[in-house]
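Please keep the 3D view open as you read.

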Amino acid sequence: MSTPDPHTETPKPLLPPYFLKLMAAAFIAGLLLFLVVWLRSRHSYDFYKADVADPTAQQEDTLPAPLPADVASGNNASGLQAVIEQPGTSNTNTTDTPKVIEAPTAPPPPPAPKPVAPVANTSQPTPISAPPPRYPSDAMRRGVGGTVRVKVTVAADGSVEQLDIVETSGNRSLDRAALETLRRWRFQPATRAGQPVSADVVVPISFDING
């Protein structure tokens, strides 16, 4: 008895024939059901219909109709006059009382500062001891005379602080004699606000040969 050759035997199918037939029938039934549903939905909603309308006509339909001539003159299509509001005007009733807007009140100006009166000297230096000048002998012999004007700076204690010739007599002897005379003078000092202060005064010293 010979052993069967495994290579020559017919292989057994993986699935029985009746199961394959059942799967084929189910596939065909599902395909038919899908076609029926697809056809019904197509007839019901026209989802895949293309819009064959003329685009030019559609555009013309969407454009607004031109306004009549009376709108340009201020009247609309219903015959009512259009009111164009100008800047600064309002469509509210003109009989309303206008509101007055008050401008903010400017603050009052600050008070002007009080003027300060200058403190002036209440008195000028006054001589209280004024010995007469000595006439120079050489000027007397020659008959020379004249007037010397000297600016005297009087200190707060009444003494002579400084002498300056403002106008000369033209003779050095007379000028020197005038300065020596004024150095011996004593003055009542000038006062400011009741207090003695230093001040200047111009004193003329005259030399007259005939006097």
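Predicted model: local features only at pLDDT ≥ 70, side-chain atom pairs only at ≥ 80, totals over all residues.

The points below go from the whole chain to two residues.

1. **Overall make-up.** The protein chain has 5 helices and 8 strands. From the N terminus, their order is α-α-α-β-β-α-β-β-α-β-β-β-β.

2. **Surface and burial.** The chain has 211 residues, and 17% of them count as buried.

3. **Contacts along the chain.** Take the contacts between residues at least 6 apart in sequence. Of these, 67% join residues at least 24 apart.

4. **Strand 3 and its partners.** Which way does strand 3 pair with strand 8, parallel or antiparallel? The pairing is antiparallel, over 9 bridges. Strand 8 covers residues 199-207.

5. **The hairpin.** Strands 3 and 4 form a hairpin, with 5 residues between them. Look at glycine 158 in the turn: its phi is positive, about 95°.

6. **Threonine 153.** This residue sits in strand 3, which spans residues 146-154. Is threonine 153 buried or exposed? Its relative accessibility is 10%, and buried means under 20%, so threonine 153 counts as buried. Its side chain makes a polar contact of 2.8 Å with the side chain of aspartate 200. Beyond four places in sequence, threonine 153 touches several residues, including Ser159, Glu161, Ser198 and Asp200.

7. **Asparagine 171: place.** Asparagine 171 lies in the loop between strand 4 (160-167) and helix 5 (172-183).

8. **Asparagine 171: neighbours.** Two backbone nitrogens lie by polar atoms of the asparagine 171 side chain. That of serine 173 is 2.9 Å from such an atom. For leucine 174 the distance is 3.1 Å. Setting aside residues up to four places away in sequence, asparagine 171 touches Arg142 and Val144. Glycine 146 is 25 residues from asparagine 171 in sequence, yet their C-alpha atoms are 8.0 Å apart in space.

Definitions and conventions:
Residues numbered from 1 in each chain as written. Heavy atoms only, no water. Helix = DSSP H or I, 4+ residues; strand = E, 2+ residues; numbered from the N terminus. Contact = heavy atoms within 4.5 Å. Polar contact = N/O pair within 3.5 Å; in protein donor to acceptor, adjacent residues only side chain to side chain. Buried < 20%, exposed > 50% of the residue type's maximum accessible area, 1.4 Å probe, protein only. Pairing = 2+ DSSP bridges.
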